[in-house]
Structure formats: structure tokens, C-alpha cells
Amino acid sequence: MKHSNGLIAFKTAALLLLLGAGRVGAQVEGVPEEDRKAPGLVTRLLETPYLTDSERADIRVRHGVWKPEDLADVGRRARAALIRGAWDDPALSENGADPLDRADALVRRGENRLALETLSSVKPASLRSLRLTAEAQVGLGEIEPAIQTLRQVEQRVTKERQSSAWELVEGVRALHLKAMLEGPSRGGQDFQTMMSMLSRAREQLDRLCWGANIAEAELLDDKDNSVEAGEALEQALELNPSSADAFYLLGRLSVDSFNFPQAEKMALKLRRLADPIVSDGAPTPTHDAGEAVSPLADMLTARVRIRQRDPQAAIDALKPTLARYPGLLEARALEAAATAGLFDLAGADKLLAQLDVISPGTPIGYLQVGKALAEQRQYSDAARYLEEATRRAPKRADGWIELGLLEVQAARDDRALAALEKAEALDPFNVRASNSLKLVRDVRNFARIESDHFIVRYRPGIDLALAREMPAILEKVYARVTGDKPGGIRFQPAGKTVIELMPDHQWFSVRITGMPQVHTMAAATGPLIAMEAPRLGEKNTVGAYDWARVIQHEFTHTVTLARTKNRLPHWFTEASAVYLEDAPRDWSAAQILARAYETKTLFDFDEINIAFTRPKKPTDRGQAYAQGAWMYEYIVTRFGPEAPLKLMDRYAAGDREPEAFRTVLGVSREQFFDEFKQWAGLELVRWGMIPAEGEPEVKDLMDAWRKQLGEGHEEDLPSQEVVDRWLEQHPKHPDLIELAVRLRLNKENQKATPELVPLLERLIEARPVDPMPHKLLAAMYLDESSPAHDPAKAIVHLEYLDAREQNSASISEQLAKLYAAAGDWEKAWEKASRACVVAPYEAPGRELAAAIAIKRGDLEGARKQLDALIVLEPDRPIHQQRLKALEERRAKKN
């Protein structure tokens with residue numbers, strides 16, 4: 001699946017960019033205390049004349065802008081530790097700390113029994129103490145006592161009018177937990193009630209209560225409403241730029257949206273926030289993992305690595321936190337999920353059993369394991385864990401949502417419908433569940449066309465024009481991908497593959513992720529391939545594209561993942577799919593590969609996998625696709641067409657890549673990479689991307705020439721005559737030929753002339769991957785004002801360009817007309833048909849194809865095109881009239 005990683009909506013993305021730029025929470029970047037500024041409203045409050053110094057210190061601590069002297073007091077130091085995520089700060093264990101702060105830290109650390117002991121001495125019970133008590137009880141697996149505790153909170157917040165914004169926030173957090181345990185009440189209206197309570201806390205009781213913003217973000221995140229959750233967190237950080245809870249939730253939003261660089265920045269901020277406080281009260285400027293542990297940073301990093309399919313790195317990231325806080329349920333659940341990501345289900349089950357000892361009956365481990373396996377497309381195993389999560393917590397919506405989304409991706413729509421309807425009943429405000437449920441219900445009304453190996457589903461209407469043409473092309477794709485011709489996978493997946501022709505980009509995205517924000521046009525989830533209709537429209541984002549080539553890429557994923565039980569290195573998955581597109585390498589890929597080779601930045605095996613999910617440069621992902629396919633080509637060339645298939649079988653058997661390479665290829669990955677680079681250099685010479693051995697670089701020729709000219713000529717450019725002399729000495733040098741061409745083009749308004757033809761043909765021979773000379777020659781031969789006008793000579797160059805064109809039918813249509821003019825109706829039909837594949841919703845292309853079909857005596861082919869035109873343009877009677885005339889002609893012929 002080719003797409004850019006980033007699904008978060010604009011406003012949240014903008015916030016994360018602000019955070020990355022240091023405009024929010026700057027002090028966590030090591031900015032000196034004297035340079036930190038309190039938020040505007042807080043500053044005005046601090047300037048109030050009647051406040052005492054002690055009250056001002058309390059305000060600064062509450063809003064995360066403390067001064068060194070503020071933290072001399074143990075109580076304030078403990079509160080600051082909670083705010084910045086330093087849960088094991090010594091102040092939290094000292095006598096001067098508020099017992100509720102101490103209990104809060106204990107609950108966060110997973111030391112729930114000690115937390116309950118601490119809370120038992122807090123009299124009278126506040127809403128905060130009751131909320132912490134319930135969380136500790138849940139952490140111990142004591143669900144019924146927790147529900148009883150939460151009902152006390154419910155009684156108080158509904159019958160007693162709260163005068164403290166912070167206590168009201170505690171009440172809302174307790175009600176949120178109660179809804180998760182018991183299910184929502186009054187058809188989910190409790191969500192609106194909680195949001196109203198938070199609005200009152202923020203707008204009527206205390207405009208500076210940043211806790212209300214975080215609680216609101218937690219509620220919205222629970223509904224998968226990342227846009228509004230991000231806005232709430234922005235407001236929270238404006239009021240407290242040191243809130244670790246806000247940064248952690250922002251990081252999770254980033255992970256959910258595949259915005260890994262921003263999540264990494266949030267993890268760094270969390271580490272710096274948790275740094276030990278030295279004697280002057282300021283955080284240390286650097287982080288020493290041996291001295292301080294940031295469980296929030298470690299868990300966020302683990303979430304990133306799990307989503308990047310690097311489970312071992314996730315396990316490693318969690319080690320400091322688990323060593324310090326063995327009872328932390330979230331960390332243990334993530335460890336189990338990462339272990340499952342290694343396909344070690346026995347190890348994951350062992351960890352889940354240990355989790356049950358700490359918190360009997362907890363669903364969170366099964367939920368995290370199920371989600372991780374679903375992302376690895378291990379649908380059957382994932383469903384088993386998620387079903388267990390729903391069994392353990394049948395009134396929690398999240399388990400049903402994840403189960404429903406899994407079934408959507410697995411194309412098991414009946415099961416998806418059942419799970420999502422359950423989720424909707426529990427949580428009617430969840431955005432992903434609502435989107436996916438609407439999609440599943442809509443898809444049930446889709447029409448379907450079946451062939452031997454595919455089921456095409458489409459919304460009745462205009463998409464019929466394309467849908468009924470797809471099976472014939474899809475069966476050719478099936479034969480190529482599953483067959484035994486060079487590159488074929490030689491494997492047939494069980495059952496028919498479902499191809500869903502989604503009417504617009506929004507619903508394509510929902511099918512793939514549950515959210516309407518995916519930046520690609522097609523994707524395989526295993527047994528299902530969803531594609532956006534290749535047309536322009538208000539809700540369509542990609543326009544025309546070569547859907548047959550795209551589906552061949554995606555179906556290769558379906559087949560290779562089925563053959564390997566979804567156990568392929570990421571680069572290998574994409575490499576095999578690009579290789580099997582059966583398309584020539586495009587110019588941009590050749591340029592990227594040449595640049596990487598010359599700058600010694602070709603990816604090794606670790607770097608190439610990271611480049612897909614954690615690109616450091618804008619070109620990294622493109623290089624990963626291009627280089628992966630190049631490495632796959634080298635495997636076929638060097639080790640034979642059987643080698644990739646044998647590697648797939650070793651991956652299916654559970655071998656890791658180093659072991660599989662040694663077994664199948666007889667070399668280590670390091671040796672393979674060294675030999676690949678040698679072969680790659682020779683290939684680049686063959687492509688004309690780098691000079692052959694013994695040939696000079698153009699830069700060296702120019703430097704020597706300028707040196708001959710003497711001082712003051714360091715910036716001079718060589719004339720056409722100078723370049724021609726160099727070219728006489730190096731007649732096959734591709735860079736010199738190109739330079740000679742461009743110097744002449746500068747004199748001819750960038751147009752080819754008959755005199756330039758020999759040089760352009762030499763460039764084609766010297767650099768066969770460059771489309772530039774083909775474009776120039778085609779344009780010249782088609783130009784009626786050119787003395788070289790000869791459309792027949794343009795054909796070979798247009799064919800070259802058309803083979804590489806993926807988003808326009810114009811070249812195919814041009815070729816169809818040229819072949820028709822020459823009376824070559826077979827080739828004219830071939831090109832007109834290709835135009836209708838790339839742009840199937842464009843009526844002019846259909847009309848051209850129909851006319852050519854009639855000329856070649858293919859009345860059935862003409863009828864199909866007219867049928868498509870009637871669907872595309874039902875308000876044009878000419879299509880019906882032409883079809884009637886065609887049918888009469890067929891009747892006479894028969």
C-alpha cells in the first residue's frame with residue numbers, strides 16, 4: 001500500500017507543529033526558568049495585588065510555571081512531580097505531600113493496594129479520593145466494589161451542585177470510568193452530560209481549570225474524535241505548558257494518525273519533563289535513563305514501535321518502566337502486544353496470565369494484543385483476543401469497536417455488522433464506529449459481480465460502467481500474480497478476493513481505517529482490496545489512474561501475505577508488489593536511486609524498513625519503494641526466480657530475515673548488501689545515470705577548463721563549442737550528451753529541431769531511462785508547423801511515454817488516433833482500451849473506443865462502450881440512438 005503516513009486532521013496537525021516548534025511547553029526543551037512565561041490569563045491572575053506569596057507559588061505550580069523557590073515546599077514539589085509525570089519523585093513519599101497526590105502517584109504506578117491504604121485515611125472523602133479509589137479497585141480487578149464507589153460519585157455530582165471546577169472535573173472522570181464499566185446510560189446521553197459538566201467547570205467555575213480541557217480531550221479521544229481532542233489539549237497546554245498528561249495524549253493521537261515524528265517529539269518532551277529536579281528547582285537539561293524513568297515516554301515510544309511493526313524495539317522501550325513499575329497495567333499490556341507482534345503468541349499468553357494475577361479479569365491486555373495482531377493482518381488470532389476482551393468487559397465499547405473494525409478489514413461484513421451494532425448501542429458517539437457501521441450497512445446494498453476468483457462490489461449507478469469491465473482484467477491479473485511466469489508468486493489464496501469500488505475517497509478511507517483521511521487510492525487488507533473510483537469529483541481526490549496496475553500491486557500483497565501467513569519484512573512486501581506491476585522503472589525512481597548510490601545513502605536492511613514508517617527526508621519513502629524493488633530484482637537476477645519464493649516460505653515458517661537469507665541465498669544480509677551495491681553501480685552505468693569507469697565527471701571537466709582560463713573565470717559556463725569538443729573525446733558520455741542537448745535547446749525556445757535529432761537519439765541510447773528526449777521528439781514530429789512533422793515517427797516515443805504514464809489517458813488516446821490513421825485497427829483498439837482503463841469515466845475516450853471497435857468489425861466491443869456511455873451520460877439520447885443503430889447492424893449481420 002503506497003501512501004503517506006499522516007491521518008490527523010488539519011487543526012490537530014497544526015497544533016503538533018506548534019509543539020514541535022517549541023511554541024507550547026518550551027520549558028521542557030531545557031529553556032532556562034527565567035525565560036519561561038506564564039500563560040496570559042495566569043499572568044494576569046498572578047498580578048492580582050491581594051494574593052500572598054504562598055498563593056502565587058501555588059498558582060505557578062498548578063499551571064506548570066514554577067520558580068525554583070516555589071519547590072522548596074514538599075507539597076508543591078509533589079504536585080509538580082505529578083504534573084510533569086515524575087511519579088517516583090521522592091517528594092511524593094514525604095510527609096509534607098498531600099495524601100491525595102501520594103495516592104494519585106501510587107495509582108499511576110500500579111501500586112493499587114498501597115493506594116487504597118493511603119486513601120482510607122482521607123476524610124471526608126472528596127470526589128478526587130473516590131475517583132482514585134475506584135481506579136485502584138479496577139486496577140486490582142475489583143470491578144463490583146469500583147462500581148459501588150463510582151455510584152457514590154454519581155449521586156454527589158447529580159444531587160450536589162459543585163462549586164469547585166477541579167472537583168467537578170474529578171466527578172466527570174469518575175463518570176467516564178463508570179460508563180466504561182457499566183456501559184453508557186440513557187442511550188449514550190451521559191457523554192453529553194459529562195461534556196456539559198466540563199463546560200460548566202471551565203466557563204462558569206474556573207476559566208483556568210486546564211484539567212477540564214484534558215478530561216474533555218480524554219472523552220473525545222474515547223469517541224475517536226481526534227480533531228476536537230487536539231483542540232482541547234491545545235487549550236490545556238496554553239494554561240499548563242508542563243502537563244505530561246496532555247503531551248502523552250497528544251502523542252497517542254499522533255500514533256493513531258501515523259504521525260510518528262510528532263509522537264517521537266512528544267516522547268522526548270515527556271522524558272525531559274520527568275528529569276530529576278536539582279537543588280535550584282529547575283529540571284536538568286538532559287535525560288539520563290539510568291537516573292530517571294518516564295513511564296509515559298516509554299509507553300508512548302512502545303506504541304510508536306508497535307505501530308511501525310518493530311515489536312522488539314517496543315519491548316526494549318518498555319524495559320525501564322516495567323523494571324521500576326511492575327504493576328503498571330498499561331505497560332504490561334503493551335509488552336504483551338509487542339510480544340504478539342513477534343508472532344510469539346505463547347509468550348503473549350504468558351504475559352497476559354501474569355497480567356491477570358495483578359488485575360484479575362482485566363480486558364486491556366487482550367485488547368492491546370488483538371489490536372496489534374489486527375494491524376499485522378493476523379485476523380483470526382486477533383479476533384480471538386478481541387472476543388475475549390469483549391467477554392471480559394461486555395459493556396466496554398472499545399473492544400467491540402476494535403473487533404468490528406477488524407472484521408471490516410477482513411471483509412467479514414456480517415460479523416462486522418454485529419460487532420459494530422453492539423458498539424453503537426454502547427457508544428453512539430464514537431466516530432470510527434459510526435463511520436464503519438454506516439459503511440457496512442451501505443455496502444450491504446452494493447451490487448456485486450463475480451468471476452472465478454473475484455467479487456466486485458460497487459454502488460449502483462455510474463460505477464456500473466467500470467465495475468462490469470473489471471472481472472476480465474482482474475482474471476488476467478490473477479493469472480499473472482499467482483502463476484509461474486518470472487516473478488509470479490505460484491500460490492493461490494483461499495476463497496475469492498473482494499474488490500470494493502468505493503464511490504469516493506471518504507468511504508474508501510473508512511473501509512481501510514475507519515476514518516475518512518487516508519492519502520492513497522487503493523489498499524489491500526488481505527482478502528479485500530478497496531479502491532477509490534478513478535474519476536474527478538467533489539469527494540474524489542485522485543482523478544484518473546491506471547487502476548489495473550494499482551490492483552495488480554495490491555493483489556500481489558494479498559497473495560504474498562497469504563503465502564507467508566502475513567509474515568514478511570515490510571520492504572520485501574512492497575518490493576514484490578512493485579516488481580509485479582510489470583511496468584518500467586520511472587524517471588523519478590532512477591534519479592532517487594542514482595543520488596542515493598552516489599551519496600552512499602542506500603538503505604541497509606534496518607534502514608529500509610524504517611524508511612517506510614519513519615522517513616527522515618521527504619524522499620525516504622520513495623527511495624524505500626524504489627530500492628526495495630531494485631533489491632528484489634537483484635535477488636531474481638543473481639539467485640534465480642525461485643529465490644524470492646523460497647524466502648517467502650522461510651518467512652512463513654517463522655524464520656527471521658537474517659536466518660532466511662543464509663538458508664536460501666547462502667549469504668549474510670551484510671554480504672548481500674555489499675554485492676548488491678556493486679551490481680547496482682553497474683546497473684546505473686547501463687541506465688546512463690553515472691559515468692562508466694574511466695569516464696570523467698562533467699564537474700571535473702568544467703573545473704579543469706576553468707583552471708585553464710585562469711583567475712576570474714570560476715563561475716564561467718562552457719560554450720556549445722567547448723562541450724562539443726569534450727563530446728568528441730567521450731562520445732557515449734550521457735551527461736555530456738545531455739549538456740550538449742540543453743545548450744542547443746536554449747537557443748531554440750526549448751523545442752527540438754531536425755538538427756537536434758541525432759543528439760537526442762544518442763541520448764536515448766546513452767540514458768534509456770530518461771523520458772526527456774522522447775518528449776522532445778514526439779512533440780516535434782506531431783507539430784504541424786515543424787519541418788520534421790511526421791506523426792508516424794512520433795509513435796515509438798509516445799509508446800515509451802505511455803508505458804510510464806499512470807494518471808492520464810491522453811497519450812493512449814493520441815496513439816489510438818495515430819494507429820487508426822495508419823489503418824492499424826488492432827493497435828488502435830489496444831490503445832483505446834487502455835485509455836478506457838486509465839480514465840473509465842471519460843466519455844470522449846469511450847466514444848473513440850466505440851468508433852475504433854466498429855472500424856475493426858468488433859460490434860460487441862462497440863456495444864460495451866455504448867452501454868458504458870449510456871451509464872455515464874444517461875441524459876444524452878445520442879448514445880441510445882447509436883446503440884439502437886448498432887443492434888440493427890448486428891441483426892443484419894447475423
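Tutor: Strands E4 and E5, the latter spanning residues 528-532, run antiparallel and are joined by three bridges. Within this pair, Ala-522 stands opposite Met-531 of E5. Strands here are DSSP runs of E with at least two residues and helices are runs of H or I with at least four, both numbered from the N terminus; two strands count as paired if DSSP finds at least two bridges between them. The model is a predicted one, in which local features need pLDDT of at least 70 and side-chain atom pairs count only at pLDDT 80 or more, while totals for chains, interfaces and linings use all residues. Residues are numbered from 1 along each chain as its sequence is written, and side-chain values use heavy atoms, with hydrogens and water left out.

E4 and E5 belong to an open sheet of five strands with mixed pairing, in the order E1-E2-E3-E5-E4. Strand E1 (447-450) and strand E4 (522-524) stand at the edges; each has a single partner strand, so one side of each is left without a neighbour in the sheet. On average, neighbouring strands of this sheet are turned by 15° against each other, direction ignored; the angles are taken between lines fitted to C-alpha atoms and run from 0 to 180 degrees between N-to-C directions.

Ile-449 has Val-456 in E2 as its bridge partner. Three residues lie between E1 and E2, which form a hairpin.

The second largest pocket holds about 1,000 Å³ of space. A pocket is an open set of points on a 1 Å grid over the protein atoms alone where a 1.4 Å probe fits, with protein on both sides within 12 Å along at least five of seven lines, and lining residues have an atom within 4 Å of a point. The volume is the space filled by probe spheres set on the points, which are joined across faces, edges and corners. Its lining comprises 33 residues, and Ile-473, Ala-548, Ser-833, Arg-834 and Val-837 lie nearest the centre. Helices H25 (470-482), H27 (547-563), H40 (791-804), H42 (825-838) and H44 (859-872) each give two or more residues to this lining. H42 supplies the largest share, seven residues. By class, the lining has eleven nonpolar, four polar and 18 charged residues, where Asp, Glu, Lys and Arg count as charged, Ala, Val, Leu, Ile, Met, Phe, Trp, Tyr, Cys and Pro as nonpolar, and the others, Gly among them, as polar.
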